[in-house]
Amino acid sequence: MARRGSSGDPTDWVTRAADDAIRHAGEGNLVTCASGISPSGPIHLGNLREFLSVHFVADEIQRRGVPVRHLQSWDDFDRFRKVPHGVDESWNDHIGRPLSAVPDPWECHPSWAEHFKAPLRDALRELGCTMVEIDQAEMYTSGAYRDQVLEVVARRHEIDEVLDRYRTKKAISTDSDEEAAAYADSVAFDEDDAGDAGEDDAADDLRNFPYKPYCRQCQRDLVTLTSYDDETTDLAYVCRACDFSGVTNLSTQFEGKLVWKIDWPMRWAYEKVDFEPAGADHASPGSSFTVGHELVEKIWAWPRPTWFRYSFVGFAGMTKMSSSKGGVPTAADALEVLEAPLLRWLYVRRQPKQAFDIDFGPEVVRLYDEWDALTRKAADPAKRDVQVLAWERASATAAAGRLPTPEVVVPFRVLSSVADVTAGSAEQISRIVSEVGHAHDSVAQLEPRLSRAMNWVAGYVPAEERTLVRDAPDSELLAGLSERESQWLDLLGEGLSEAGDLESVTALVYGVPKLARGLAVDAAPTDEVKADQKEFFRLLYRLLVGAERGPRLPTLIMALGTDRVRSLLAR
């Protein structure tokens with residue numbers, strides 16, 4: 001078995017998880033790394049950790065030449081639980097139906113489930129993720145799990161002995177809608193059902209029955225089971241929503257699904273899963289993951305998959321994200337402002353157990369600076385370490401190779417500053433960027449970063465922080481200038497005649513207060529000069545953009561051009 005770190009290479013959490021998954025599968029066998037999600041709402045950046053964690057492990061295995069697949073299960077046969085804010089209240093009629101059977105209120109996809117799958121599929125493709133996808137609605141309704149369902153029902157008393165050790169009548173306390181949903185599915189009925197069913201052994205059996213049908217007439221899962229025949233596999237029920245009385249035959253009709261705490265381990269065995277991580281909510285003691293590990297070995301004799309627990313991802317100013325609550329940023333949102341390798345890097349550079357927040361505010365500029373510095377470090381083979389290994393994983397995949405990055409790398413802070421001043425004109429940005437020292441032949445050479453910078457300025461820089469260049473000189477401010485301030489502006493105007501590039505403009509802007517005190521432009525600044533520089537910079541910002549601060553002054557001056565700067569400073 002080839003091991004990434006066996007010859008002195010750096011190792012990380014991905015290396016170790018890949019080792020474990022390969023060991024679980026056995027020498028020469030296909031390794032199955034699994035992820036899964038219920039497409040009940042926007043699939044946010046917290047959910048993305050599930051997909052990317054599995055992707056990085058599968059990608060590492062593929063790099064070693066070992067056969068592997070990233071198996072993605074869409075839990076679209078889960079029930080529709082609640083109508084989110086902004087959706088017409090008439091969708092309350094669909095509560096209890098499979099997500100795959102709920103219509104898309106926005107009328108752009110075949111179903112509710114497909115509406116939320118599609119943007120994530122596109123984002124994952126851009127992120128370089130390749131997956132084998134499985135729709136659970138199709139698997140259940142096609143009868144693919146027929147034998148597994150019949151085995152579960154036949155051995156339901158053994159299974160119930162395991163569940164009994166974890167089952168509690170007290171409501172669980174959790175911040176996770178997903179885990180609360182899993183708990184609700186792990187017991188067959190609520191207290192009303194129990195009262196209807198009675199207290200005899202048959203009623204207890206039905207109360208904890210491991211399979212839940214959807215009503216044949218209204219497609220809701222709001223059913224009360226009334227009998228089950230082990231010989232015929234007929235399961236009778238009454239629908240509490242539409243009063244329909246029906247019988248579904250588990251051997252020939254495929255109208256429901258196993259409850260979640262049994263469904264998950266069944267699928268591990270069916271798909272021969274070797275690795276699947278779990279979020280902190282699912283991996284807590286007594287959770288669906290804990291129970292599943294015991295059931296998959298006891299009922300299906302499949303060794304529990306290797307795994308690790310990953311922590312929550314938050315968004316600036318927001319607690320842990322939840323899909324069903326809506327209004328949370330998705331991978332598609334992040335890719336509007338972050339290059340794909342950089343977004344990947346946010347997830348791979350940290351240990352899975354580390355929680356972190358994603359911020360689309362000023363933090364974005366710092367992230368790009370860090371990424372560019374790491375890119376320069378990665379160019380030196382002598383500096384290869386765990387940080388560089390994370391960069392390598394983020395920058396390329398075994399299947400797709402290098403992910404798109406700009407041919408000409410311009411610091412994000414420069415692009416965003418220029419985009420701010422030019423109101424997002426790509427051609428003007430391109431011209432100015434060349435003038436400030438980043439020569440290029442076409443706008444395309446600045447992509448995809450240029451578009452990200454423009455999107456970030458337009459969408460995430462608050463209006464009060466945007467740079468609005470004055471249309472005309474501030475005559476009142478200019479009329480009240482002190483003698484020293486007038487001297488500064490005169491020296492700047494004279495120097496702009498000869499300053500033709502960013503370096504010379506920078507030297508001039510910092511040098512004007514030195515010249516005013518009889519020093520050379522390249523002289524070391526005294527304390528008095530430093531104080532003058534602050535006042536001079538503040539004056540320029542007020543005269544040029546009507547604010548106390550703004551983009552770096554040399555960049556701003558280059559962006560405006562010397563003629564416009566002169567016009568705004570003219571007295």
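**Exercises: a helix pair and a pocket**

The crossing of helices α22 and α23 is left-handed, meaning that the near helix is turned anticlockwise from the far one by less than a right angle. The model is predicted, with local features needing pLDDT of at least 70, side-chain atom pairs counting only at pLDDT 80 or more, and totals for chains, interfaces and linings using all residues. Residues are numbered from 1 along each chain as its sequence is written, and side-chain values use heavy atoms, without hydrogens and water.

**Exercise 1.** State which residues make the contact of α22 with α23, and sort them by class.

*Solution.*
- Step 1: α22 contributes Phe 537, Leu 540, Tyr 541, Leu 544 and Val 545, and α23 contributes Leu 553, Leu 556 and Leu 560; contact means heavy atoms within 4.5 Å.
- Step 2: These residues divide into eight nonpolar, no polar and no charged. Ala, Val, Leu, Ile, Met, Phe, Trp, Tyr, Cys and Pro count as nonpolar, Asp, Glu, Lys and Arg as charged, and the others, Gly among them, as polar.

**Exercise 2.** Describe how the axes of α22 and α23 are arranged.

*Solution.*
- Step 1: The axes of α22 (residues 527–545) and α23 (residues 553–560) come within 11 Å and cross at roughly 30°.
- Step 2: The two helices are therefore roughly parallel, a term for angles under 35 degrees.

**Exercise 3.** Find which helix gives the largest share of the lining of the second largest pocket.

*Solution.*
- Step 1: α14 (363–378), α16 (412–421), α18 (449–460) and α22 each supply at least two lining residues.
- Step 2: The largest share, five residues, comes from α16.
- Step 3: By class, the lining has 13 nonpolar, seven polar and eight charged residues.

Conventions: Axes fitted to C-alpha atoms, helices over the stretch in contact; angles between N-to-C directions. Helix = DSSP H or I, 4+ residues; strand = E, 2+ residues; numbered from the N terminus. Parallel < 35°, antiparallel > 145°, perpendicular 65-115°, else oblique.
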